[in-house]
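Welcome! Take a moment to turn the model around on your screen before reading on.

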Amino acid sequence: MIPRIRWRRAATAAALCLSAVLAPAGAPASAAPPPVPHDLPEPPAASVAKEELAGLTVELPHSMAGYSRAKFPHWIKQMGTCDTREVVLSRDGQDVKTDDQCRSVAGRWHSAYDGKDFTAANQLDIDHMVPLANAWRSGADSWTTDQRKKFANDLTNPQLIAVSAASNRSKGDQSPDQWRPPLGSYWCTYSRAWTHVKHVYKLSVTQGEQDTLAAMLDSCDR
């Protein structure tokens, strides 16, 4: 059931941008279909995430030698003129309107990290749940460029989310033992999503990261 739900969400997001691509040039912005009910693909339940966390390799961070964001090609075209950023903005917002270039020109967005609301897309960043630099330090340094591109534009797993620019930039490339969303009520979802992405991509964790994730997953039961 979960994979089917994820597929529907990704398909809905893609359809939002496809409607913009098919609109005649110069056509006015049009209302998008009803928004997807969740801001990112639903991560596994806490009980499953705990099992995934226990299976991750615990090791020291890899060297940052050779790292560059350019080695993770991101915001690629997903369909027509719609790039990854615009797909996520359409998926995560409400009453989103796009122009004929698939750019979000109106809508409402709620930042799950800090609880702030926005009505302008340029006030939002698309956060990589597991940051690119963190992925590099935990195994992506040995990936091919195609593998890194898939990771950086993943719409299937809970890896991309539209949040306030301030919260995204505060987070940077820090792991959960270094930074957590200001809203403690989001820690359960955050830890489930972070753990699942690391599990899917077979990335390692540090001991501090694992300990903090375990504590955050425990908050799901409270």
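Is strand S8 (residues 160–164) mostly covered or mostly uncovered, and how many of its residues are buried? Strand S8 is mostly covered, with five of its five residues buried. Keep in mind that you are looking at a predicted model.

**The whole protein**
- Eight helices and eight strands make up the protein's list of elements.
- The protein has 222 residues, and 47% of them count as buried.
- Take the contacts between residues at least 6 apart in sequence: 75% of these join residues that are at least 24 apart.

**Strand S8 and its partner**
- Strand S7 (residues 124–128) is joined to S8 by five bridges.
- The two strands, S7 and S8, run antiparallel.
- To find one of these pairings yourself, look for His128, whose bridge partner in S8 is Leu160.
- As a general point, side chains in a regular strand alternate between the two faces of the sheet.

**Two helices side by side**
- A pair of packed helices is described by two things, the angle between their axes and the distance between the axes.
- For helix H2 (residues 46–54) and helix H8 (residues 207–218), the axes come within 10 Å and cross at roughly 170°.
- Angles over 145 degrees count as roughly antiparallel, and H2 and H8 are therefore roughly antiparallel to each other.
- On the H2 side, the contact is made by Ala46, Ala49, Lys50, Leu53 and Ala54.
- On the H8 side, Gln210, Leu213, Ala214, Leu217 and Asp218 take part.
- Seven residues of this contact between H2 and H8 are nonpolar, one is polar and two are charged.

**A closer look at Arg137**
- You can find Arg137 in helix H4 (residues 132–137).
- Arg137 counts as buried because its relative accessibility is 17%, and the cut-off for buried is under 20%.
- A polar atom of the Arg137 side chain lies 3.0 Å from the backbone oxygen of Asp173.
- If you leave aside its neighbours within four places in sequence, Arg137 is in contact with Pro61, His62, Met64 and Asp173.

Note on methods. Residues are numbered from 1 along each chain as its sequence is written. This is a predicted model: local features need pLDDT of at least 70, side-chain atom pairs count only at pLDDT 80 or more; totals for chains, interfaces and linings use all residues. Side-chain values use heavy atoms; hydrogens and water are left out. Axes are lines fitted to C-alpha atoms, for helices over the stretch in contact, and angles run from 0 to 180 degrees between N-to-C directions. Helices (H or I, at least four residues) and strands (E, at least two) are DSSP runs, numbered from the N terminus. Angles under 35 degrees count as roughly parallel, over 145 as roughly antiparallel, 65 to 115 as roughly perpendicular and the rest as oblique. Contact means heavy atoms within 4.5 Å. Ala, Val, Leu, Ile, Met, Phe, Trp, Tyr, Cys and Pro count as nonpolar, Asp, Glu, Lys and Arg as charged, and the others, Gly among them, as polar. Buried means under 20% relative accessible area, exposed over 50%, partly exposed in between (1.4 Å probe, protein chains only). A polar contact is a pair of N or O atoms within 3.5 Å; within protein, one must be able to donate a hydrogen and the other to accept it, and residues adjacent in sequence count only if both atoms are side-chain atoms. Two strands pair if DSSP finds at least two bridges between them.
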